[in-house]
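New notebook page. I want to get my bearings in this one, a few features at a time.

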Amino acid sequence: MYDFIIIGGGSAGSVLASRLSENADCKVLLVEAGPKDSNPYIHLPVGFSKLTAGPLTWGYKTVSQPQLGNRELLFAQGRVLGGGSSINAEVFTRGTPADYDRWAVEEGCKGWSFADIQRYFIKSEDNDTFSDAWHGSGGPLGVSSPVSANLMSKTFSKACQQAGLPYNPDFNGATQAGCGLYQTTTRNARRCSAAVGYLKDAGRRGNLTIKTGCHISRLIIDNNRAVGVEIYQDGKRQLLHASREVIVSAGAIGSPKLLQLSGIGAADELTKKGISVAVDLPGVGENLQDHLGVDLIFELSNALSYDKYKKTHWMLWAGLEYMLFRKGPVCSNIVEGGAFWYADKQSVNPDTQIHFLAGAGVEAGIEPVPSGSGVTINSYFLRPRSRGRVTLRTADSSDAPLIDPNYLSDPYDLKMTIEGCKLMRNIMQQSAFSPYIRREHMPGSEAQSDKDLENYIRKFARTCYHPVGTCKMGIDEMAVVDTQLRVRGIEGLRVVDSSVMPSLVSSNTNAPTIMIAEKASDLIIASN
């Protein structure tokens, strides 16, 4: 018997396990489907390029996407202690205050305005550069400025300024708009995932148990109360019981799947799958939102990007430089440059985010650059209007769910994505890049019209790994959790992860997910 059972050892689950176990009188269990975060690539900043596919992910694909040439897109979700924070590109951004004020004012989430949640961002943070009203120091999550940025990343920042974007040293400060170099969730030139930041010390507490390699099959519901979870570890069935609360932190795909398997969801759909209905909550799995990214690839005239380190002798040199001095390409997350700007000139806040990668072919599906050396610029529309869903394929918990982001179903999203491509091209055509760019590799100079860009988008656009919203917080009939993150209609059950966001934030989603878990920890402690 435990006081609290946390299902999912990703970003949110790691935070919750650490914070709830600070009370020595509480017995806390953290259950994770994947392995411990022992893979060495996890802890090297550059290692993310090796991790977005393979055994540390769930291996998901979307259903066929009609607006993207009926493609089934790879849809990486972390399956390892630390979750997405163990395999992502470590970019540290938080969105704008307007995102959270929208949650509070327009979407029925009282208590979640920026004024309400800012202190949780600060509480989580240990920033090596900034120390002001916008940032924290001494928190669990290491946040660092670049150690030795690539020349191409610095050139990107210059080109952005030539294109009219102001230099911004801090995307998480008073102003988001502009260009510069990203801070990353690293500390001392090593990845600081949520597992590293929150569990490294907490894991030694006698009142915290961490189980990895567990298949989570269903929640145990008794008289409309969550009292535990059924898992299989090493093939053996176990029933684990919680006296206070069960907290689901399995992410925007895993959390709705587990709720549905447990009889929490749209009654008619559950009945069709042969699942007994515990509570009819039609919003479970609905409201899926994600950032849809487009990559433009440019071939360089010389070997100036990180691509040269794919060669064995350069790779060995980079490893030696890292081992001796904690410098060089191994310290890089590759996605060094960034910008927030306006595709729609009527937007009050930036509506497009741009990533600059000092390398080419980092993502699956990208055609190799002939010379072997290139750079990638990626953008996505920050506030997509398209909505998708996550549903069960079958009632078998081992089957992957049906993931339908429904990309570009709203025409405005396509319009803004095309404008994002034009913005990226404008930046790359500035004189700062002239000495280095040989040609545009993808889509190529022949793609000039809006229709050409539309065709390219439909053929090559991909997820940017930011799914949210499938167990949304709010007060309307489609809300799955209330503003305390309690599941409607079931006692002793909360959802705490990116799935509770009512709408997508204007940035990467890892730091906001950690913030949600920090606030949730206080809510849980206060009510118990």
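Predicted model: local features only at pLDDT ≥ 70, side-chain atom pairs only at ≥ 80, totals over all residues.

**Entry: a cis bond**

Which peptide bond is cis? I found the one from Met442 to Pro443, with omega near 0°. Pro443 sits in the loop between strand S21 (437-442) and helix H12 (450-460). I jotted this down because most peptide bonds are trans.

**Entry: positive phi**

Next I checked phi. Most residues other than glycine have a negative phi. Asn224 is not a glycine, yet I read a positive phi of about 60° for it. I placed Asn224 in the loop between strand S9 (214-222) and strand S10 (225-233). With a relative accessible area of 43%, Asn224 is partly exposed.

Tyr465 goes on the list too, with a positive phi near 65°. I found Tyr465 in the loop that lies between strand S22 (462-463) and strand S23 (493-495). Tyr465 is partly exposed, at a relative accessible area of 28%.

**Entry: the open sheet**

I then turned to a sheet of three strands. In what order do the strands come? I wrote down S14-S19-S20, an open sheet with antiparallel pairing. Strand S14 (286-288) and strand S20 (402-404) are at the edges; each has a single partner strand, so one side of each has no neighbour in the sheet. From one strand to the next, the twist averages 35°.

Glu286 has Arg389 in S19 as its bridge partner. I also saw helix H8 (residues 251-261) lying across S19 and S20, and it runs at about 50° to S19.

**Entry: Arg389 again**

Glu269 forms a salt bridge with Arg389, and the closest N and O atoms are 2.6 Å apart. The pair links distant parts of the chain, with Glu269 in helix H9 (residues 267-272) and Arg389 in strand S19, 120 residues apart.

How many salt bridges does the structure hold? I have 27 down for the structure. One I picked out is Arg19 with Glu518, where the closest N and O atoms are 2.9 Å apart. Arg19 is in helix H1 (residues 11-20) and Glu518 in helix H13 (residues 510-527), so this pair ties together parts that are 499 residues apart in sequence.

I checked how covered the two are. Arg19 has a relative accessible area of 12% and is buried, and Glu518 is buried as well, at 0%; the cut-off for buried is under 20%. I also noted that Arg19 and Glu518 belong to a network of salt bridges that links Arg19, Glu22, Lys123, Glu518 and Asp522.

I looked up Asp476 with Lys472 too, a salt bridge whose closest N and O atoms are 2.9 Å apart. Asp476 is partly exposed, with a relative accessible area of 29%, whereas Lys472 counts as buried at 17%.

**Entry: a nonpolar patch**

Over to the surface. Which residues form the nonpolar patch? I listed Trp317, Leu320, Met323, Leu324 and Phe325, with about 610 Å² of accessible area together. Met323 is exposed, with a relative accessible area of 64%.

**Entry: Ser507**

Last stop today. Ser507 lies in the loop between S23 and H13. Is Ser507 buried or exposed? I got 0% relative accessibility, which counts as buried.

I then asked what Ser507 touches. Not counting residues up to four places away in sequence, its contacts include Thr93, Arg94, Gly95, His291, Phe340 and Tyr380. Pro512 and His466 are among them too. Ser507 and Arg94 are 413 residues apart in sequence, but C-alpha to C-alpha I read 5.9 Å between them in space.

Note on methods: Residues numbered from 1 in each chain as written. Heavy atoms only, no water. Pairing = 2+ DSSP bridges. Helix = DSSP H or I, 4+ residues; strand = E, 2+ residues; numbered from the N terminus. Axes fitted to C-alpha atoms, helices over the stretch in contact; angles between N-to-C directions. Contact = heavy atoms within 4.5 Å. Patch = residues over 30% accessible without salt bridge, like charges linked within 9 Å, V, L, I, M, F, W, Y side chains within 5 Å. Areas by Shrake-Rupley, 256 points an atom, 1.4 Å probe, with all protein chains shown as cover. Salt bridge = Lys/Arg side-chain N within 4 Å of Asp/Glu carboxyl O. Buried < 20%, exposed > 50% of the residue type's maximum accessible area, 1.4 Å probe, protein only.
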